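Subject: Handing over the two-chain model

Dear colleague,

I am passing on the structure below, and after it I set out what was found. Please read the notes with the structure open beside them.

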Amino acid sequence: MGQYTIRRLLQMIPVVIGTTFLIFAAVWALPGDPFAGKCGDRPCPEAYVAEQTARYNLDDPLIVQYVKYMGNLLTGDLGDTFRGTRVIDELAVALPPTLKLTIIAITVEIVIGIIAGVLAGLRRGSFIDNLVLLSTLVVISIPIFVIGYLAQYIFGVQLGWFPPTVGTGAPWSDLILPGLVLASVSLAYVARLTRTQLAENMRADYVRTATAKGLPRSQVVRHGLRNSLIPVVTFIGIDFGALMGGAVVTEGIFNIKGIGGLVFSSIQTREGATVTAAITFIVIVFLIVNLLVDLLYGVLDPRIRYE
Amino acid sequence: MSDPTSTGTPDQQEIRQEFMRAGAQNIALPGVTAEESALPVGDVGKPRSLWQDAWEDLRRNPLFIIGTILVLVLVVMAAFPQLFTSVDPRSCSLSNSRQPPSSEAWFGYDLQGCDVYARTIYGARASILVGIFTTAAVMVIGGLIGIVSGFFGGWTDSIASRITDIFLALPLLLGSILLLTAFPSTAETPELVVIGKVVFALAILGWTQLARIMRSSVIQVKNQDYVQAARALGASSNRVITRHVLPNSLAPVIVVAMISLGAYIGAEATLSFLGIGLQPPVISWGIAINDAATYVRTSPHMLFFPALFLSVTVFAFIMLGDAVRDALDPKLR
C-alpha cells in the first residue's frame, strides 16, 4: 500500500505540470493590456511598465515565464498581484469560505443522497422509489443558478428561514442555504447511483445467502450497501473538485467571497498569478482527494489489494 | 456530469478489472457486449441483437416516449421558430418594458420591451446547437483517444491516460471561463462563431469522461473470442477496430453522451448567465435569465419562462438517456 501511494503521488507530478502549464498558457493568451486601468485614467508611466514587465518576466517567451513561475512556486512564492498584494494572502482570505461551503455540500450530499438512495433501492418500483427518481431528475434538470435564486427568494426573502446573503467572515450558519444549493445536483446523482447499485447488489448471491442463514434485515442491507458504495465514493471524490470549482455561481448569488469569485474576478482583471495559483490549488486538492478515495476502496472492500 | 458509475481513475479501473478476473460480478461497468445480452434467458425464437432488444424495451417505456416527443418538439422549435410565433424577437419597444403576461404577449415583455415568448422560442436554437455540437465533439475526441489507449495499451495507453488526467483535473466551469475570456466575442462576432467558441471551451474540457468510458469498454471487448478470432485470421488493426471493437463498445458511450447533451445545455446557460458564454445579439435562455435575474423580485415572469424551457430541455435529454441506459443494461432485466 505504501508503494502504491508513492507511485500514485509520482504520477501526480506530470498531471500537475500539465494542468499548470495549460492554465498558464490560457492566462498568457488573455487579450488586453495588463496595465490598462492600473494607473487611473492616464496611461502608466514607462518606468512603471518597464519595472513591472521585468518583475513578471512579461518579455520572455511563454515557456521561460512558465519555468520561472514554477521555480518560484516550488520555493513557496506564489507571486504578487499587479496591485501589489501577495497572492498567498488573497488565497488565504478566499479559502475558508469555500472550504466551509464545500464541507457542508459534501456532508449534505453524503447523508441525504445515500439515505434517499437506500430507501429507493431497497424497494424498487415502490412509491418512494419513483418519488426519488422523479425528484432527482427534476433537480438535475434545473440549472444551479435558477435553484440558487429560487432558494434565496423563497427561503431567504419570503420565509426568512436563512439569511439571503452571507455576512462577513462567512459564519457556518449563513452557509447552510448556499451549501444546500451547491449540493443539490450532486445529491441527486449520489441518490440515483446508490439506488442503482444497491438494487443490483440486493439481488446478488451473497445477499441471498445472508438472508437464508437468518441474518436480520439490517445486517443484510449493510452487506449490500458496503459493496454498493464503491462507485458512490468514486463519484463523490471526483465531485469534490467540481464543487470547489463550480461554486463560482453559488458564491456569486449568495455574495460569498470565495475561491470561485476570486478566480472569476482575477480572470477579468488579468491577474494571471492569482488565477494560476488558485486553479492549481483546486487541482491539487482534487488529485489528493481522489488518491484518498482510491485508498478507501480497500477499507470498503477488503478483497481489493493494492499492488 | 453524467453517469458516474463509469468514471474512475485508471487505477480504479484497474481495480475493477482485477475484480472481473477474480470472478466477482458485483462491480458494475456499463460496458456490455452484444454477446452477453443477445440471448435473454427464457427467450425462445430468433436471437436478437442488443439494440433490437433495447428497442423492444424502449417502445413500451413511457419515459422514453415522453422524452422523444419533447426532444422532437424542441428540435423543430430550434429549426423553424417561425412555426411557433409570428412575432419578431428583435422588434422591441421600450414602452412595453417589463410588462407582465397578457393576452397580447403570453409570457410578458422583458427589460428591453421584447416579447418574452418569441425570445424564448428563438432561444432554443443556440442552446440546442451548443448541446449537439459539444456532444458530437466530445464523442469524436473522447472516442478516438479512448479507442487508441484501450486497444493498443502499453505506452500509448499510459501517455493517453496521463493526458486525460490533466484535462480531467481542470475544473470545467473555471476552465471554460478562462478559455472564453482568452477568446472573447463582441457584438460584431457572427452568431455561429460565438456558438463555436462556447462549444470549443466545453468540448476541450469535457471529452475526458467519454475517453475513459470508451477505454474501459474497448478493453473489455478486445479480449472477447471474436476479436481474437478476427486477429488470428489476419485482420489488420484497422479492420478489427472498425468492424468488431467499435460497434460492440459503443453502447455505454452513446448513453453517457445523450445524458451529457442535457448537461452541456445547462453548462452553456451557466456560462451565458455569468456573462461570458453566448453574447447578445445571440438570443439564448442563459442570456435571458442573466438579464432577468436583477429584476426577479418585481418581474419574475422574465426569469420564469426561459428557466422553464431550459429545465424542460435538459430534463428531456437526461430522461431519454436514462431510458436508453436502462434498456441497454441487461443486469436490470
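Why is α8(B) largely enclosed by the rest of the structure? Of the 32 residues of α8(B), 26 are buried, so the rest of the structure largely encloses this helix; a residue is called buried if 20 or more other C-beta atoms lie within 10 Å of its own, exposed if there are 12 or fewer, and partly exposed in between, with the C-beta atoms placed from the backbone. Helices here are DSSP runs of H or I with at least four residues, strands are runs of E with at least two, and both are numbered from the N terminus.

Before going further, please keep in mind that this is a predicted model, in which local features need pLDDT of at least 70 and side-chain atom pairs count only at pLDDT 80 or more, while totals for chains, interfaces and linings use all residues. Residues are numbered from 1 along each chain as its sequence is written, and chains are lettered from A and ligands numbered from 1 in the order in which they are written.

As for the chains as a whole, chain A has 11 helices and zero strands, and chain B has 12 helices and zero strands. Buried residues make up 42% of the 307 residues in chain A, and 52% of the 333 residues in chain B. The C-alpha trace of chain A spans about 85 × 55 × 30 Å along its principal axes.

Where the chains meet, 54 residues from chain A and 40 residues from chain B take part in the contact; two residues are in contact if their C-beta atoms, placed from the backbone, lie within 7 Å. On the side of chain A that touches chain B, the largest share, 12 residues, comes from α9(A). The residues of that side of chain A divide into 39 nonpolar, 12 polar and three charged, with Ala, Val, Leu, Ile, Met, Phe, Trp, Tyr, Cys and Pro counted as nonpolar, Asp, Glu, Lys and Arg as charged, and the others, Gly among them, as polar.

The largest nonpolar core has 172 residues, and those with the most contacts inside it include A:Val190, B:Leu178 and B:Val324; such a core is a set of buried Ala, Val, Leu, Ile, Met, Phe, Trp, Tyr and Cys residues joined through C-beta atoms within 7 Å. Helix α10 of chain B (residues 237-273) gives the most to this core, with 17 residues. Not counting residues up to four places away in sequence, B:Val324 touches B:Ala54, B:Leu58, B:Val255 and B:Met258.

Helix α11 of chain B (residues 285-293) is also largely enclosed by the rest of the structure, because seven of its nine residues are buried. Those buried residues pack against α6 of chain A, together with α5, α10 and α12 of chain B.

Finally, A:Val293 lies in helix α11 of chain A, and counts as buried because 20 C-beta neighbours fall inside 10 Å. Leaving aside neighbours within four places in sequence, A:Val293 is in contact with A:Val233, A:Thr234 and A:Gly237.

With kind regards
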